[in-house]
Amino acid sequence: MARTFGTLWDGVALRRRRAGADPDAPPRAVAIPATWEAGAAEALAGLAPGEGPTSLPRAAEAWIGRVAGRGRKAGLLDEAAADALAEALRGLLLARRGAPGAEVWRNEAKPARAAAEPRFVLNLPAFLEPEGGFDLEAYAEACALAVRALDALASGRATRLRLGFADLAGLLCGLGLAYDSEKARAVAAAVAALTRGAAEAESGRIAARLGAREPVALLWPAPPGETAVPGLAAAARAALDAAAGAPGLRHQALVALAPADAVEALLGAETAGIAPAAGATRSLLSASGEAMEVPTRAARRAGPRLAELLGPVTEAAREAMREAVAPFLHAAPPAPAAMPAPGRALPKPAPILRRHAGAALHVTLGGHRVVLRTAEDAEGRLLEIAFTLSKEGAAYRSLMDGFAQSVSLGLQRGVPLDDYVEAFAYTRFGPAGLVEGDPAIPRATSVLDWAFRRLALDYLGRRDLPQPSEADCLGDSAGHAVEMTPLLPLDLPASASPRGRRRSLRVVG
């Protein structure tokens, strides 16, 4: 069991929730710090190996233990140094400032191989200071800490490590700098220079103890002479000078950016590497399953300068940022797969929607629990429907959700309910059969058949819709000849409509 007592985990309040790594993944019980948002729970669900319950302390201690254990075994760390490194890594994670890549959390990397390149990412906005500055000392120390951790994880054998940073766009918003500006590019170049200088200086300190494997680079790209962040240019220059003064380096390459994985989401970073912000809002599902737009962290940092700082970014601006940063990296920044969406202004606060009358109808159809929820306007007209299904898979539920949203949009734009009843009553697909919980509809050929005949009763007063026979509801029923007629690419036969199919049904006492 992971050791957590007597460490920074003591006193960390956790909250538990069920989350999946993606909408189609089965949810698992996860525990994250109480102040972290739901997205961190989903990220942890994807990072922690296995499918059972997990928590941030348990998942983190698995890789922290490997870092300390391999460092001790390889002679890189003594007992005190291993304990200090482990505690520093806990602090970095709890502050959401940095963590290793997903392959380390899942124990997928093979650090014993010399070619292995474990990854560590630092979340730039997490180093913003409350008064608006950037914590230069803490960032340089985090770079050194990451190099020590990656080197220990690889048992001192890896010649190439991958230290990178994320969410440059969020940092720039916090500093009040537009992405497409000379000041922003100067800050980005200085951050990259500080990252490389601090990382190579630490590699030099390791080489001083264990022996150098690579020469020191004596020709450096010149870092910016000044930046909008006080002290950043001087810190970058000092870090590069410290690296140049090392007797040699332990690693051939250290600094490389990478596409985002679940670790960025766990840390709260909204963009990978040097990518610009995608916009001012992002879509989330509320607890009730409704889509809503919420401001991004970058938008909250931008404040009243939202339109200026999060406006559309051209390809030329992205390329200029790459050129500013690339000289200080050991690998070219990854090209984004697609241009981000144009920046959007935050929607004006809308009045809270007043919920009118509606119903939640619970039935069991063919042994499957089905819930049909409705919402009405002040005059009792149907506005919205939604389904909750208990046994069906994620793909089926998603299709039903999309179908219900489409119907709801049509109802709200004036499509008569009767048209939907004519189109979807008596449609045939599983589950089908006996309906328990609705005395007026004892059998149904599908969920849609029951739902729209129920709506026809409640909102249209229609009692002219006959009940299907038991044979009609059988899953292996071949159906009537007219139902077997190919519908595409031919025109829909008039007799194949629900009205036509009803002529073949008879009322059963």
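**Rings and strands in a predicted model**

Arginine 96 lies over the face of tryptophan 36, 4.3 Å from the ring centre. The model is predicted.

Biologist: What makes arginine 96 count as lying over the face of tryptophan 36?

Modeller: The cut-off is CZ of Arg within 6 Å of the ring centre and within 35 degrees of the ring normal. Arginine 96 is at 4.3 Å from the centre and lies over the face, so the term applies.

Biologist: How many aromatic pairs are there?

Modeller: The count comes to 9. One of them joins phenylalanine 134 and tyrosine 139, and that pair is tilted.

Biologist: Why is the pair of phenylalanine 134 and tyrosine 139 called tilted?

Modeller: Their centres lie 5.5 Å apart, with 50° between the planes. Pairing needs centres within 6.5 Å; under 30 degrees is stacked, over 60 is edge-to-face, so 50° falls to tilted.

Biologist: Are phenylalanine 134 and tyrosine 139 buried or exposed?

Modeller: Buried means under 20% relative accessible area. Phenylalanine 134 has 6%, so it is buried. Tyrosine 139 has 0%, so it is buried too.

Biologist: Which residues do ring pairs link into a cluster?

Modeller: Phe403, Tyr420, Phe424 and Phe452.

Biologist: How do you know that strand 1 and strand 2 pair?

Modeller: Pairing takes at least two bridges. Strand 1 (residues 14-19) and strand 2 are joined by 6, so they pair, running antiparallel. Arginine 17 stands opposite valine 30.

Biologist: What makes strand 2 mostly covered?

Modeller: In strand 2 (residues 28-33), 5 of the 6 residues are buried.

Terms used: Residues numbered from 1 in each chain as written. Predicted model: local features only at pLDDT ≥ 70, side-chain atom pairs only at ≥ 80, totals over all residues. Heavy atoms only, no water. Buried < 20%, exposed > 50% of the residue type's maximum accessible area, 1.4 Å probe, protein only. Helix = DSSP H or I, 4+ residues; strand = E, 2+ residues; numbered from the N terminus. Phe/Tyr/Trp six-rings, centres within 6.5 Å; stacked < 30°, edge-to-face > 60°.
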